[in-house]
Amino acid sequence: MSIYRKYINQTRKPQGFLGKMIIRRMNSEHAKLSEWGLEHLVRLERIAPGEILEIGCGGGMNAGTLMKMYPSAKLTAIDYSELSVRKAAAYNKEMIASGRCEIRQGDVSTLDLPEEKFDLATAFETIYFWPGLEKCFSEVAKVLKPGGFFMIVNESDGMDEESLNYAKIIDGMRCYTPEAIETALKSAGFTKVRCSHHRSMPWITVLARK
Ligand SMILES: C[S@@+](CC[C@H](N)C(=O)[O-])C[C@H]1O[C@@H](n2cnc3c(N)ncnc32)[C@H](O)[C@@H]1O
């Protein structure tokens, strides 16, 4: 495997030296996408979540932003990469010290969290790597309160050439169209599903309600 391919494969589960390099870039490179996605959440729904779950938290920037957006919320962030958990914990250390934030290692396909605990779950740039959308979405639904929201933000709309090329070299990566995401969400028990597409980029936001 070429060094580039080894490096780019770290997006799926960062570890080791190359994983550290990729995590260092994640927070900054995803900032504009995250901001765009979060604008939808504010525009589409006036919510005041008490408990937030941030899934596949990577370097932890989105966890920090969500806690600033919702100052009375508590946030749990999970990632199955031990390195991501360490980096996200370092990024959010003050919020952890204040008792508002917990960051733990966990796999979305078998969520070890209390049922019906969360008002909002978020997933930025991560569902490409989840092992079976419908199963993982069912796990998310299980830990959301009835009426809770799930927001997915992807920089791929499932048809852009750049991401489709990444999917050819990143093990286990799959790109999804908004329609495929909506179908999997509905099969997992979500009802109201709204998809938005960026006007000039292949970015998508999907907001679903349990
Ligand atoms: C491309 S990074 C995105 C990180 C962050 N959400 C962001 O937007 O910068 C994907 C992250 O999802 C995590 N991930 C992938 N599959 C996962 C799974 N099954 N359960 C939990 N985390 C997962 C990876 O370890 C990685 O940290």
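Predicted model: local features only at pLDDT ≥ 70, side-chain atom pairs only at ≥ 80, totals over all residues.
Stepping back to the chain as a whole, we find 9 helices and 7 strands. The C-alpha trace spans about 45 × 40 × 30 Å along its principal axes. For a chain of 210 residues, a compact globule would have a radius of gyration near 17 Å, and since the chain has 16 Å, the value agrees with that expectation. Of the 210 residues, 41% are buried. If we take the contacts between residues at least 6 apart in sequence, 67% of them join residues that are at least 24 apart.

Now to the sheet. The 7 strands form an open sheet with mixed pairing, and their order is β3-β2-β1-β4-β5-β7-β6. At the edges stand β3, residues 101–105, and β6, residues 193–197, and because each has a single partner strand, one side of each is left without a neighbour in the sheet. On average, and with direction ignored, neighbouring strands of this sheet are turned by 15° against each other.

Within that sheet, I would like to look at one pair of strands in particular. Strand β5, residues 144–154, and strand β7, residues 204–209, run antiparallel and are joined by 6 bridges; F149 stands opposite R209 in β7. Helix α7, residues 133–143, packs on the sheet, where it touches β1 (51–55), β4 (118–124) and β5, and the direction of the helix makes about 140° with that of β5.

Is M21 buried or exposed? A residue counts as exposed if 12 or fewer other C-beta atoms lie within 10 Å of its own, and M21, with 12 C-beta neighbours inside 10 Å, therefore counts as exposed. M21 and L44 are 23 residues apart along the chain, and their C-alpha atoms are separated by 35 Å.

How values were computed: Residues numbered from 1 in each chain as written. Helix = DSSP H or I, 4+ residues; strand = E, 2+ residues; numbered from the N terminus. Rg over C-alpha atoms; globule rule 2.2 N^0.38 Å. Buried ≥ 20, exposed ≤ 12 C-beta atoms within 10 Å, placed from the backbone. Contact = placed C-beta atoms within 7 Å. Pairing = 2+ DSSP bridges. Axes fitted to C-alpha atoms, helices over the stretch in contact; angles between N-to-C directions.
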